[in-house]
Amino acid sequence: MRTLFVAGALMAVGWCGAAETTCEMKESTEWVCVPAKPVEFLRAVKENTNFVLRFEVQTPTPDGSSGGGKADPFKQHAKKPGEWNLCEIRSLSERTRILVNGVVGMDADTNILAEQLKKSGNPNHDLKLRHVRMKEVLPDYAGEGCVPKAPEGFTVLFNGKDLTNWKGVTTLENFDNPLVRQAATPEKRAAMQKIADERMREHWHVRDNGVLFFDGLKGGYSIATAKDYGDFEMLVDWRLLSVKGDSGLYLRGSPQVQIWDAHNQWNIGSGGLYNNKKNPDKPSKIADRLPGDWNTFRIKMVGEKVWVWLNGELVVDNVTLENYWDRNLPIFPTEQIELQCHGAPLEFRNIFIRELPR
């Protein structure tokens, strides 16, 4: 038997009643969490701000909560008592996110969260844990956004401050279809764009750290570049904020370079041209990091051909992107680029583009 000392991490959700917790690992890989003396809440979060703690927890309480009081995200998203719940605590820079069974139960400034938890209840029961894994997070995972500086030859698409260069997309009257938009009158396009922009502002937000955030709530939809592009090379960082999250990038108005949770749902990596029917639709390998960790796409499109690098690994090599909207037609020569929503919260940052001459 060996002992793991986790300072503060478990207290982040009020489960152990103390910021210092000793967990003993048994051969069954189940852990018993024993409350220790109360000390400063979230001490470890403040001292070591970049880490990910992932574990399964089973609560014995009749109401299905962990007993952590009002600041406890476990109450809304936990399974029945006696069932195992998948939990993650991600402390990245000054922000702490808590995921319970794939749902973001709390997303708060670490200092504010600490104050909330000081007022929480103090459970008097032990909890059973298993499959506990903790890792320090590398700087490029944890770095929150800021005012971006474009690499040489590229221009900034997202300025880290507001939604300049972007517009909304709406599915009303099939206006997410480029063929429908192109056939509409200028007056109709303007009216529909106004609706799309209003919806965009409800669900897409620029956070104080310069990150573009989609809330994943019902009614939200994709966001698009205000400008149409032909041949280009694009850089974009992205990260899923929930287990089994899903998203993608539309190139020239057509889906899509796939983004999803390759580790917990599909044994297929992100980056593939998911909507292809005749041409390859899957990436050559899984290069994804875990949900909550930052990933980087480099996407190149010339003519109808697409190349995709994910975290430095070439995963799509010279593959034709088919026209999803009419498979008898080639891909549009120019159209907007879209960041897709798919009912899951996610973030983007460091979005740059370089137009390529034809």
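Colleague: Are tryptophan 238 and phenylalanine 297 buried or exposed?

Modeller: In this predicted model, tryptophan 238 and phenylalanine 297 are both buried. Buried here means under 20% relative accessible area.

Colleague: What describes a pair of aromatic rings?

Modeller: Two values are used, the distance of the centres and the angle of the planes. This structure holds 7 aromatic pairs. In one of them, tryptophan 238 and phenylalanine 297 are 5.5 Å apart, centre to centre, with 45 degrees between the planes, and the pair is tilted.

Colleague: Which parts does the pair of tryptophan 238 and phenylalanine 297 tie together?

Modeller: Tryptophan 238 belongs to strand β14 (residues 232-240) and phenylalanine 297 to strand β17 (residues 295-302), so the pair ties together parts 59 residues apart in sequence. Another pair, tyrosine 324 with tryptophan 325, is edge-to-face, at 4.9 Å centre to centre and 85 degrees between the planes.

Colleague: Which residues do ring pairs link into a cluster?

Modeller: Trp204, Phe214 and Phe348 are linked in this way.

Colleague: Where does the charged end of arginine 298 sit?

Modeller: It sits over the ring of tryptophan 309, 3.9 Å from the ring's centre. Lysine 300 lies over the face of tryptophan 307, and there the distance to the ring centre is 5.5 Å.

Colleague: How do strands β18 and β19 run, and how many bridges join them?

Modeller: For strands in general, the side chains of a regular strand alternate between the two faces of the sheet. In this case, β18 (residues 305-310) and β19 (residues 313-320) run antiparallel and are joined by 5 bridges.

Colleague: What volume does the largest pocket have, and which residues are the closest to its centre?

Modeller: The general idea is to roll a probe the size of a water molecule over the atoms, which shows where empty space is left. The largest pocket has a volume of about 240 Å³. It is lined by 14 residues, and the closest to its centre are Lys167, Arg181, Arg189, Gln193 and Gln336.

Colleague: Which elements give two or more residues to that lining?

Modeller: They are β10 (166-168), α5 (178-183) and α6 (186-203). The most comes from α6, with 4 residues. By class, the lining of the largest pocket has 5 charged, 5 polar and 4 nonpolar residues.

Note on methods: Residues are numbered from 1 along each chain as its sequence is written. This is a predicted model: local features need pLDDT of at least 70, side-chain atom pairs count only at pLDDT 80 or more; totals for chains, interfaces and linings use all residues. Side-chain values use heavy atoms; hydrogens and water are left out. Rings of Phe, Tyr and Trp (its six-membered ring) pair if their centres lie within 6.5 Å; planes under 30 degrees apart count as stacked, over 60 as edge-to-face and the rest as tilted. Buried means under 20% relative accessible area, exposed over 50%, partly exposed in between (1.4 Å probe, protein chains only). A charge sits over a ring if NZ of Lys or CZ of Arg is within 6 Å of the ring centre and within 35 degrees of the ring normal. Two strands pair if DSSP finds at least two bridges between them. On a 1 Å grid over the protein atoms alone, a cavity is a set of points where a 1.4 Å probe fits but cannot get out, and a pocket is an open set with protein on both sides within 12 Å along at least five of seven lines; lining residues have an atom within 4 Å of a point. Grid points are joined across faces, edges and corners, and a volume is the space filled by probe spheres set on the points. Ala, Val, Leu, Ile, Met, Phe, Trp, Tyr, Cys and Pro count as nonpolar, Asp, Glu, Lys and Arg as charged, and the others, Gly among them, as polar.
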